[in-house]
Amino acid sequence: MISEINISDYIGIRSENDILVDLRSKIMYELGTISGAINIPAENVKELYKLPKDKNIYLFCQIGEISGEFAELLSDSGYNVYNLIGGYREYLRVCGE
């Protein structure tokens, strides 16, 4: 079972020690992302396993579906990972950016 968090709650608890990962394509990332996010496109899944296991990792994609699947994979490998519910689309709706 994966841990999920909505964007409003995430914004309220986010920390500099967290790792926020945008799984969308490089082009989509460059068009706009959540402040502080790093881009690891979904097709580069192996890069996710290079992230440190001692930090909270928050994943998002466009609508939260792909990031949910990747969060489950990382969780099964011992990562403390969360899926941002609704993805970047929800972030735009809530934050209006």
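Okay, so let's start with the charges: searching the whole structure turns up 4 salt bridges, a salt bridge being a side-chain nitrogen of Lys or Arg within 4 Å of a carboxyl oxygen of Asp or Glu. Before I go through some of them, a word on what we're looking at: this is a predicted model, where local features need pLDDT of at least 70, side-chain atom pairs count only at pLDDT 80 or more, and totals for chains, interfaces and linings use all residues. Residues are numbered from 1 along each chain as its sequence is written, and side-chain values use heavy atoms, with hydrogens and water left out.

Arginine 24 and aspartate 22 join their side chains in one of them, at 2.8 Å from N to O. Are those two buried or exposed? Both arginine 24 and aspartate 22 are buried, and buried here means under 20% relative accessible area, with exposed over 50% and partly exposed in between (1.4 Å probe, protein chains only).

Then there's lysine 50 with glutamate 47, where the closest N and O atoms are 3.1 Å apart. Lysine 50 counts as exposed because its relative accessible area is 62%, while glutamate 47, at 36%, is partly exposed.

Arginine 93 and glutamate 90 make another, 2.7 Å from N to O. Both sit in helix 5 (residues 87–95), 3 residues apart, so about one turn of the helix. Arginine 93 is exposed at 61% relative accessibility, and glutamate 90 is partly exposed at 22%. By the way, helices (H or I, at least four residues) and strands (E, at least two) are DSSP runs, numbered from the N terminus.

On the strand 3 side, valine 21 stands opposite isoleucine 38, and aspartate 22 has asparagine 39 as its bridge partner. On the strand 4 side, leucine 20 is partnered by tyrosine 58. In a regular strand, side chains alternate between the two faces of the sheet. Strand 2 is covered on both faces: Ile19 and Val21 on one side, Leu20 and Asp22 on the other, all buried.

So what does leucine 51 touch? Leaving out residues up to four places away in sequence, the list is Ile19, Val21, Ile38, Ile40, Ile57 and Tyr79. Leucine 51 is in the loop between helix 3 (45–48) and strand 4, and is buried at 11% relative accessible area.

Definitions and conventions
Two strands pair if DSSP finds at least two bridges between them. Contact means heavy atoms within 4.5 Å.
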